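Visitor: I have a model open and want a quick walk through it. Can we start with the overall layout and then go to the helix packing?

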Amino acid sequence: MANTGLQVMGLVLGVAGWAFGILVCAAPWWRVSAFVGDELVVSQVLWEGLWMTCLSQWGRLQCKVYDSGLALSGSAQTCRALCVLSLLLCLLALMLSVTGLKCTRCLGDAHETKARLVRVGAALFVAAAFFFLLPVCWTAYVVIRDFHDPNVAAPLKRELGSALYLGWGVTVLMLVGGALLYLGSTSPGVPAMPVFGKGAKRNPPSTAESKPEKVFV
């Protein structure tokens with residue numbers, strides 16, 4: 001039968017992953033300028049994200065949204081699309097899961113239908129985690145590759161930003177939330193406990209209750 005505690009816990013983790021995913025997607029902390037080689041100017045720090053760049057100079061922070069999304073590289077546009085797709089899947093999973101929760105009355109007593117909705121929402125949370133993990137891992141790979149590439153000039157080298165680490169945490173929240181939702185909405189057709197009631201009436205009568213038969217010699 002459905003476990004309300006697991007469902008609520010999974011939903012809370014899924015919502016947390018969705019909320020932090022929005023923050024990661026909008027934050028400009030995906031890549032940060034690296035100070036390597038003969039670079040001694042540390043008064044300027046440049047952050048780059050999917051939607052904007054920020055420059056910190058002498059304690060002043062200036063952020064600027066990219067002028068044109070079409071002017072970005074193909075990988076940046078793909079990362080944008082995957083993050084947006086992941087957040088939309090999370091939103092759809094959230095609506096389906098809330099509708100199908102055992103503790104809600106959206107569909108009345110249709111327990112089987114509600115359990116199916118929760119399982120679909122759980123699958124969408126897992127899919128959203130996968131789509132969110134792709135741009136985070138790809139960005140980390142590009143940053144590490146360019147950092148160790150001797151052909152890339154020192155001013156163009158970047159380091160991993162804090163948003164990437166938070167992005168990995170977001171994927172864990174989505175995965176665990178989806179797993180708990182699925183485990184909390186197991187099919188009622190496969191009971192995990194012995195069934196009492198009609199099943200108990202089928203048991204043969206005990207020896208004490210059966211009447212002894214008379215044997216004539």
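Visitor: Fine. What kind of model is it?
Guide: It is a predicted model.

Visitor: How many helices and strands does the protein chain have?
Guide: The protein chain has five helices and five strands.

Visitor: And in what pattern along the sequence?
Guide: Along the sequence the pattern is α-β-β-β-β-α-α-β-α-α.

Visitor: What share of the residues is buried?
Guide: 32% of the 217 residues count as buried.

Visitor: On to packing. What describes two packed helices?
Guide: The angle between their axes and the distance between the axes.

Visitor: OK, take α2 and α3. At what angle do they cross?
Guide: Helix α2 spans residues 74–100 and helix α3 spans residues 111–147. Their axes cross at roughly 160° and come within 8 Å. The two helices are therefore roughly antiparallel to each other.

Visitor: Left-handed or right-handed?
Guide: α2 passes α3 in a left-handed crossing.

Visitor: Which residue classes make up that contact?
Guide: The contact of α2 with α3 has 24 nonpolar, seven polar and one charged residues.

Visitor: Now α1 and α4. How far apart are their axes?
Guide: The axes of helix α1 (residues 4–26) and α4 are 7 Å apart, and the packing angle is about 155°. At that angle, α1 is roughly antiparallel to α4.

Visitor: Which hand does that crossing have?
Guide: The crossing of α1 and α4 is left-handed.

Visitor: Last topic, G184. Where is that glycine found?
Guide: G184 sits in the loop between α4 (162–183) and α5 (198–201).

Visitor: Is G184 buried or exposed?
Guide: G184 is buried, and its relative accessible area is 0%.

Visitor: And how far is the C-alpha atom of G184 from that of V8?
Guide: The two C-alpha atoms are separated by 8.7 Å, while G184 and V8 are 176 residues apart along the chain.

How values were computed
Residues numbered from 1 in each chain as written. Predicted model: local features only at pLDDT ≥ 70, side-chain atom pairs only at ≥ 80, totals over all residues. Heavy atoms only, no water. Axes fitted to C-alpha atoms, helices over the stretch in contact; angles between N-to-C directions. Helix = DSSP H or I, 4+ residues; strand = E, 2+ residues; numbered from the N terminus. Parallel < 35°, antiparallel > 145°, perpendicular 65-115°, else oblique. Left-handed = near helix turned anticlockwise from the far one by under 90°. Nonpolar A, V, L, I, M, F, W, Y, C, P; charged D, E, K, R; others polar. Buried < 20%, exposed > 50% of the residue type's maximum accessible area, 1.4 Å probe, protein only.
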